[in-house]
Amino acid sequence: MDLGINDKVAFIGGSSQGIGKSIAMELSKEGVQPIITGRNLNSLTDTQNEIHKETGITPYIIRGDLSIEKDRIRIVNSALNEYNKVDIVITNSGGPPAGKFDDFDSENWRNAYELLLGNPTSIIRGFLPGMKEQNWGRIITITSMAVKQPVKNLILSNSVRVSVVGLVKSLSNEVAQYNITVNNVMPGYTDTERLQELIEANPSFNMAKNEIPMGRFADPCEIGYAVAFLSSQKASYITGISLAIDGGWRKSL
C-alpha cells in the first residue's frame, strides 16, 4: 500500500532505540525523511547507519535530552533550520522510574511531568505553526496502555501519561480545520530496552506475558507499522483517538 507520504519530513522523539527507532525505520521505508533524537550520540549514529543501510535514507541526527526544556527548544530550532518545516511529529520518550507513591518526592513528580507532558507540549508547540501554514500535518503521541489500565508499580507513568490523552483529544478538535490529525498510540508490553530494565529491577514484569492473550510481548516494529499508517494520507479521517497495540492485554472494552 502506498501511504502517500514520500518526501515528507518527520520528527521522531527518543528514536535512537526501541519503539522510536522502529518508527523511524518504518517511516523511512515509506520515503519519509526522519529526524532522529536521543541523548547518546553513538546510539544515534548506529541507528542512522542501520536505517540508511536498510532504506537508502539517511536520518538527520539531533542529540539532546527531551526532558530538559532548553534542549527541546534547541532541538526544534535545529530541525526547522535544516528543513524549514516538519510534516509529521511523533512525540516519544522513555518512562520515569518504577516505584510506589511513597518512593517519590516532589522533584520526582516534576521530572515525570517534564518528561511525559512538558516534552510533547513543547515539541508540538514548536512545529504546529508550520503545519497550519501548509494546511497539513500529523501529530502522534506515544504513551502507554497505562493510561487506560494502570500498571502495577508504575505510579509516575500511570498518573502523568493520562494528561497526554486529554491534550491529544483537545488539540485534535482545535486543528482539524487545518487538515492536521492528532492521535495517541498506546503500546502494551513491548520488547524494548526499557522493558528489560523493568524486568531486571522486578522480575514479576516478565510474568505479564501470562496476562496477554497473544502470549508474547510486542515487537517494536509492530508499533512502527501502526504509527506509519496514522502518519499517512490514508489515515486522513482518523483523529482524536487513542489506539491500543497491546495484544489484547487491556481488560475493558
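**Surface, fold and a buried serine in a predicted model**

**Figure 1. Accessible surface of the protein.** The protein exposes about 12100 Å², of which carbon and sulfur atoms supply 48%. The structure shown is a predicted model, and 51% of its 253 residues count as buried. Among the charged groups, the mean position of the 25 positive charges and that of the 27 negative charges lie 4 Å apart.

**Figure 2. Order of the helices and strands.** The protein contains 7 helices and 7 strands, and from the N terminus on these elements follow one another as β-α-β-α-β-α-β-α-β-α-β-α-α-β. The radius of gyration is 17 Å, close to the 18 Å that the globule rule gives for 253 residues, so the protein is as compact as a globular protein of that length. Taken along the principal axes, the box filled by the C-alpha atoms is roughly 45 × 40 × 40 Å. Of the contacts in the protein with a separation of 6 or more, 74% are accounted for by residues 24 or more positions apart.

Figure 3. Ser15 is placed in the loop that lies between strand 1 (9-12) and helix 1 (18-29). The relative accessible area of Ser15 is 0%, and this residue is therefore buried, the cut-off for that class being under 20%.

**Figure 4. Close-up of the residues in contact with Ser15.** When its neighbours within four places in sequence are left aside, Ser15 is in contact with Gly20 and Lys21, with Ile35, Ile36 and Thr37, and with Thr47.

Key. Residues numbered from 1 in each chain as written. Predicted model: local features only at pLDDT ≥ 70, side-chain atom pairs only at ≥ 80, totals over all residues. Heavy atoms only, no water. Helix = DSSP H or I, 4+ residues; strand = E, 2+ residues; numbered from the N terminus. Rg over C-alpha atoms; globule rule 2.2 N^0.38 Å. Buried < 20%, exposed > 50% of the residue type's maximum accessible area, 1.4 Å probe, protein only. Contact = heavy atoms within 4.5 Å. Areas by Shrake-Rupley, 256 points an atom, 1.4 Å probe, with all protein chains shown as cover. Lys, Arg positive; Asp, Glu negative; His and termini not counted. Charge placed at Lys NZ, Arg CZ, Asp CG, Glu CD.
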